[in-house]
Structure formats: C-alpha cells, structure tokens
Amino acid sequence: MTQRKGIILAGGSGTRLYPITIGVSKQLLPIYDKPMVYYPLTVLMMAGVREVMVITTPNDVDQFQRVLGDGSQWGISLKYEVQPSPDGLAQAFILAEHFLAGAPAILVLGDNIFCGHGLPNLLQEADKTTSGATIFTYHAADPERYGVVDLDKNGMVKRIVEKPSVPPSNYAVTGLYFVDETAPERAKNIWPSARGELEITCLLKSYLCDDALRMQKMGSGFAWMDAGTHDSLLDAGNFIRTLTERQGLQVGSPDRVAHDMGWIGEAKQKKCAQKKNLIEGPTPIHLSKPSDNSTNAENISKIYADMDLGGLNPNNLISNCLAKEKDQIGLLLSFQKIDETRKLGRVEGFMKEMDKANSS
C-alpha cells in the first residue's frame with residue numbers, strides 16, 4: 001500500500017443550507033448521531049490513510065480543531081489549513097502541497113457520505129495504482145446536478161461534462177478522487193473558470209488528456225449522498241439512522257474504523273465511543289400496561305390512524321402523549337378515554353383528556 005495522504009475539503013460558505021450555516025460550518029452539522037465530517041474522515045481511514053489535512057475557512061478552523069483534535073485518539077495525524085476564499089475544489093491540492101510533500105493523495109469532499117459492503121476493499125484496490133488519477137462514479141437518477149462522465153463504446157471515460165442539461169450518461173462523478181503526486185502542479189496550471197474557480201473537472205481533464213484517468217463504478221451495493229441541501233441533509237440522516245437502528249451498523253465512526261484497522265485497542269475504542277455516546281442504544285421506554293402485550297405506542301398509532309385531527313400532526317400528539325409517563329404502570333391517559341374520543345372524531349375531546357392528564 002502506498003503512503004498516500006488524505007485531504008478533506010470542508011470550506012465554502014454553505015449557502016445552500018442557509019440559515020443553519022450562518023453560525024456553524026456545514027461539515028459540522030449532524031448526520032443523525034455524528035458530525036458530517038466524520039463520514040468523509042472514515043472513508044480516508046478505510047483506505048489506509050493515517051495522515052489527513054482538513055481544509056476549511058478562517059472562521060471555522062477552530063471549530064474543527066475542537067471536534068477532531070489532532071487525531072491521536074484514532075491513531076492518525078490531523079493537520080489543518082485555511083482556505084481564504086472558496087476558489088474551487090482543485091485549489092485544495094495547491095493549499096496542501098507542502099503537506100503532501102510529493103506523496104499521492106485522496107481528496108474527499110466534506111459533505112459527501114459513502115457507505116456499503118466492501119467499501120474498504122474498493123478503496124484499497126484503488127490505492128494500489130500509484131500513477132494517474134481514479135474517480136468514483138455512481139449511477140444517479142438526476143445526473144444533471146453533478147459532473148457526468150461520457151463513455152465510449154468500451155466503457156472508458158471519453159469526457160467529463162459539468163452539470164449538463166442533457167447528460168450523456170447517468171454516471172455522476174462523486175466527491176472522492178485518488179490522484180498521484182503531480183496533482184498540485186497540475187492544479188497550478190489550471191485557468192480559472194468563468195465563475196473564477198479552479199474546477200476539479202479541469203484537473204481531471206488534464207489526467208484524461210494524458211490517458212491517465214481511470215473510473216471506478218460504485219455499484220448497487222453502495223450508497224453515495226451529497227448532504228449539501230436541506231432535503232439531502234435530512235435524507236442522509238434518516239438513511240444512517242435506519243442502518244444504525246435496524247441493522248446495528250455503526251456508519252461513519254472513526255472509533256470503530258480505527259479499531260478495525262488495528263490502530264487503537266479495544267479498550268481505547270470503547271472509551272472513545274462512550275465519550276461520544278456512540279455505542280449507547282436507544283433508551284427503552286416501558287409504556288405498556290401489565291395486562292396488555294402490545295405497546296402503548298402501537299395502540300396509540302392504531303387509534304390515530306382513524307382519527308380526524310383537523311390538520312394537526314398526529315406524530316406530535318403521539319410524542320406528547322408518550323412523554324407523559326410518570327411510572328411504569330401505564331399511560332396517564334387511559335385507552336378507554338382515547339377510544340371514546342376516537343369514536344367522536346373530535347380533536348377538542350382529545351385535548352381535554354390531555355389537559356386532565358397534565359393536571360394529574
């Protein structure tokens with residue numbers, strides 16, 4: 001395995017996520033139970049990278065240092081670099097040139113999330129190639145939002161088109177790039193685009209012109225998400241929650257990856273996880289009546305399915321009701337009363353019962 005170094009580009013102003021990014025970096029927003037930056041960091045770790053530079057804005061660098069530290073808790077080394085202004089993705093290689101010191105690199109965007117069975121093997125296989133560049137593509141339903149590869153009849157990359165109105169294929173270029181030691185010098189030779197940025201597409205085209213660009217498709221067993229919008233941020237959180245709670249998978253955990261890679265011991269891994277509250281399961285809520293095998297939540301959900309709430313959100317009412325438990329005997333609000341209210345079909349009656357429960 002080559003001594004490849006990693007770069008996480010966590011700059012930008014996060015305008016697509018305003019106003020929640022006014023006071024905090026986009027890459028520090030939570031994706032379910034972890035900061036967003038944990039996910040690209042663990043991708044680098046799974047690739048075997050132990051030296052990582054985080055590039056961020058002048059206003060956010062202190063926040064990242066507080067969240068990530070120097071990396072020693074995970075058996076890695078973390079450095080930080082400031083990007084004075086968002087002048088394009090390819091600028092990351094220029095800013096990190098001294099850090100790279102002639103080593104090949106992996107650049108991953110701070111708002112990209114990758115997961116899937118076999119991901120470490122895919123990354124480590126790409127790391128074996130010491131020259132040229134490797135891009136990872138993903139079959140997207142909306143490729144016009146991304147850079148898209150145009151393939152020849154042999155399935156080789158012919159060109160890369162940035163956000164095309166008519167995509168030549170459905171294969172979008174993800175925010176994960178393996179490059180050789182020539183990347184910083186190539187980036188210096190790129191002319192700024194019409195929007196004044198050093199485009200990553202132009203850097204990749206320089207490799208393509210030298211017949212040194214390879215493509216690795218991420219199949220159906222993988223998931224790739226760009227969490228840069230309000231909708232995609234919510235979708236990513238829900239997806240990670242599903243994997244965590246239903247399958248017991250710990251996605252995006254540096255503690256777990258560091259342990260699996262043999263960089264930290266079992267005791268240290270558990271200590272880190274406990275400190276960050278990453279291994280605790282959901283707190284059980286005992287709300288069932290002793291004489292009833294079904295849970296109160298199930299009963300209430302069934303009742304609300306037929307209830308006319310007059311435009312109110314039933315999920316909020318259920319949550320409020322469940323939060324009223326004062327002991328393990330059962331809900332303060334009797335199911336008989338709820339059922340009577342359901343038959344009446346009136347929200348007012350339900351709210352009266354809730355008021356009685358609150359005052360008891």
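The model is predicted, so local features need pLDDT of at least 70 and side-chain atom pairs count only at pLDDT 80 or more, while totals for chains, interfaces and linings use all residues. Residues are numbered from 1 along each chain as its sequence is written, and side-chain values use heavy atoms, with hydrogens and water left out.

View 1. Lysine 5 sits in strand β1, residues 5-10 (strands, E, at least two residues, and helices, H or I, at least four, are DSSP runs numbered from the N terminus). With a relative accessibility of 13%, lysine 5 counts as buried (buried is under 20% relative accessible area, exposed over 50%, partly exposed in between, with a 1.4 Å probe and protein chains only). A polar atom of the lysine 5 side chain lies 2.7 Å from the backbone oxygen of phenylalanine 99. Leaving aside residues up to four places away in sequence, lysine 5 touches Val49, Glu51, Phe99, Leu100, Ala101, Ala103, Pro104, Ala105 and Ile106 (contact means heavy atoms within 4.5 Å).

**View 2. The largest pocket.** Here you can look into a volume of about 1,000 Å³. Of its 37 lining residues, Arg16, Leu89, Leu109, Asp111 and Arg195 are the closest to the centre. A pocket is an open set of points on a 1 Å grid over the protein atoms alone, where a 1.4 Å probe fits, with protein on both sides within 12 Å along at least five of seven lines; lining residues have an atom within 4 Å of a point. Points are joined across faces, edges and corners, and the volume is the space filled by probe spheres set on them. Strand β11 gives the most to this lining, four residues, and β10, α7 and β13 each supply at least two. The lining divides into 11 nonpolar, 15 polar and 11 charged residues (Ala, Val, Leu, Ile, Met, Phe, Trp, Tyr, Cys and Pro are nonpolar, Asp, Glu, Lys and Arg charged, the others, including Gly, polar).

**View 3. The second largest pocket.** This pocket holds about 560 Å³ of space. Among its 26 lining residues, Met46, Gly116, Pro120, Gln250 and Val251 are the closest to the centre. Helix α1 (38-46) provides the largest share of the lining, four residues. The lining comprises 15 nonpolar, nine polar and two charged residues.

View 4. Cysteine 115 is buried, at 9% relative accessible area, whereas cysteine 209 is exposed, at 68%. The structure has zero disulfides (pairs of cysteine sulfur atoms within 2.5 Å).

Key
A polar contact is a pair of N or O atoms within 3.5 Å; within protein, one must be able to donate a hydrogen and the other to accept it, and residues adjacent in sequence count only if both atoms are side-chain atoms.
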